[in-house]
Amino acid sequence: MIICRAKDYDELSRRAANIIGAQIIMKPDCVLGLATGGSPVGTYKELIKRYEMGDLDFSQVSTVNLDEYRGLSPENDQSYRYFMNTNLFNHVNIDKACTHVPNGLEPDADKACADYDAIIDEMGGIDLQLLGLGHNGHIGFNEPADTFTLGTNCVDLQASTIEANTRFFASADEVPRQAYTMGIGSIMQAKKIVVVVSGKDKAKILREVVAGPITPRVPASALQLHPDVTIVADEAALSLLDAE
Ligand code: F6R
């Protein structure tokens with residue numbers, strides 16, 4: 001595991017965008033696994049800047065997102081499809097037909113998950129997977145559990161996740177209770193993984209992920225077993241690791 005240290009969120013975002021940008025330059029037709037939430041917003045802004053400067057070309061890039069709320073349509077401004085369109089895809093020359101998010105409107109969970117696994121397979125796997133880190137150690141929406149998940153699955157969101165995501169909705173009641181998420185197995189098959197972690201509130205879980213036992217109770221701890229993980233974190237998020 002490489003820990004890439006940044007002074008603050010802005011520097012973290014530039015560093016993460018540099019890594020993703022290098023991936024696109026080295027392999028213009030790469031498959032990127034993408035995340036939503038607050039952590040990668042700055043990274044996407046930096047990627048857009050590099051595109052506008054003429055340094056990046058997304059025309060051959062394909063993407064698969066980690067997750068989508070079950071029951072939300074792509075037009076819903078809280079859906080992850082909407083998030084990706086507004087935070088990245090609308091601003092670069094990517095072919096939206098080559099961008100994938102689980103189908104939140106598919107009521108048959110088994111079908112939604114199998115369809116998404118088939119898409120990931122058809123794309124030939126993920127070259128670089130970008131991740132954020134939940135306060136409870138989740139990646140994608142793979143919540144703490146007794147076993148690690150393999151493929152795409154339908155999850156009941158934990159109370160702490162609903163609380164953390166309430167900031168994006170009018171009230172906690174509006175946060176969907178379920179989501180479709182790529183499994184830990186699929187994430188672990190990505191060739192390269194980049195995790196963006198910012199803020200003091202993530203320091204405790206980041207220490208557990210990096211230096212604690214590997215356990216499905218802390219889903220991101222599985223990353224310790226991956227051969228190519230870069231954690232791009234700011235000083236606040238690294239503060240408890242530094243203290244050791
Ligand atoms: C989002 C996702 C989640 C978030 C995590 C951290 O697609 O998969 O795992 O990365 O909840 O969220 P933020 O970045 O908002 O703290």
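In the predicted model, a backbone N or O atom of Gly38 lies 2.8 Å from an oxygen atom of the ligand, a polar contact in the sense of a pair of N or O atoms within 3.5 Å. A backbone N or O atom of Gly140 lies 2.6 Å from a ligand oxygen atom, and a polar side-chain atom of Arg167 lies 2.8 Å from an oxygen atom of the ligand. Alone, the ligand exposes 410 Å², of which the protein buries 94% (Shrake-Rupley method, 1.4 Å probe).

Seven strands (DSSP runs of E, at least two residues) form an open sheet with parallel pairing, in the order E1-E10-E9-E6-E2-E3-E5. Strands E1 (2–6) and E5 (99–100) are at the edges, each with a single partner strand, so one side of each has no neighbour in the sheet. Strands E6 (residues 128–131) and E9 (residues 192–197) run parallel and are joined by four bridges; two strands pair if DSSP finds at least two bridges between them. Leu131 stands opposite Val195 in E9.

Residues are numbered from 1 along each chain as its sequence is written. Local features need pLDDT of at least 70 and side-chain atom pairs pLDDT 80 or more, while totals for chains, interfaces and linings use all residues; side-chain values use heavy atoms, without hydrogens and water.

Conventions: A polar contact is a pair of N or O atoms within 3.5 Å; within protein, one must be able to donate a hydrogen and the other to accept it, and residues adjacent in sequence count only if both atoms are side-chain atoms.
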